[in-house]
Amino acid sequence: MKKKIVHHKSHKGHYKADAVVFWCFDTRFFQLFKKFKRSHKYRKVDLVQSTGGAKGLSSPSHRETSYLLFQIEASYKLHHVKRVVLMDHLECGAYKGDKKFKGQKLDEAFYLNEIKKQKEIAMAFMKRKKIDIPVDIVYADFTGLHKVKV
């Protein structure tokens, strides 16, 4: 038996996504995501929120990496996505939870290096799958969002 708890009519039609965005589930950056989406005029986004955002691409957990790469392929096949956006942010607790980072201060240089590795991993996967769309990398701190050039 079911009981409706929220009434909402969703649009049934299929859509094409402007981007598949990997964003951390840290709520401190949720308003920033909304501003990012608006500033880029993205109407439809396939949002993949997880601990650390794109961190899982370079994570030691193969399962997590496979899952995130599958999201790129699914977004491309199902919603004809036009680009991939990978996000990482300052003071990400997902990194500090890893044994190799315990007690270390993680600075901006560390995160920028990580997100560049994540882009390389995503691009290598996309090349194997013959997915030819751009990959943007962005870095959030507590002053805003920064596009990172490789």
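With 150 residues, a compact globule would have a radius of gyration near 15 Å. The protein chain has 16 Å, which agrees with that expectation. Keep in mind that this is a predicted model. Along its principal axes, the C-alpha trace spans about 50 × 40 × 35 Å.

**Fold**
- The protein chain contains four helices and five strands.
- Read along the sequence, these elements follow the pattern β-α-β-α-β-α-α-β-β.
- Take the contacts between residues at least 6 apart in sequence: 72% of them join residues at least 24 apart.

**Burial and surface**
- Of the 150 residues in the protein chain, 44% are buried.
- The accessible surface of the protein chain comes to about 9900 Å².
- Carbon and sulfur atoms account for 54% of that accessible surface.

**The largest pocket**
- Rolling a probe the size of a water molecule over the atoms shows where empty space is left.
- The largest pocket holds about 170 Å³ of space.
- Its lining is made up of 13 residues.
- Phe 36, His 40, Val 138, Leu 145 and Lys 147 are the lining residues that lie nearest the centre of the largest pocket.
- Three elements each supply at least two residues of the lining: α1 (30-39), β4 (135-141) and β5 (144-148).
- Of the elements, α1 gives the most to this lining, with four residues.

Terms used
Residues are numbered from 1 along each chain as its sequence is written. This is a predicted model: local features need pLDDT of at least 70, side-chain atom pairs count only at pLDDT 80 or more; totals for chains, interfaces and linings use all residues. Side-chain values use heavy atoms; hydrogens and water are left out. On a 1 Å grid over the protein atoms alone, a cavity is a set of points where a 1.4 Å probe fits but cannot get out, and a pocket is an open set with protein on both sides within 12 Å along at least five of seven lines; lining residues have an atom within 4 Å of a point. Grid points are joined across faces, edges and corners, and a volume is the space filled by probe spheres set on the points. The radius of gyration is taken over C-alpha atoms; the globule rule is 2.2 Å times the number of residues to the power 0.38. Buried means under 20% relative accessible area, exposed over 50%, partly exposed in between (1.4 Å probe, protein chains only). Contact means heavy atoms within 4.5 Å. Accessible areas come from the Shrake-Rupley method with a 1.4 Å probe; for residues, only the protein chains shown count as cover.
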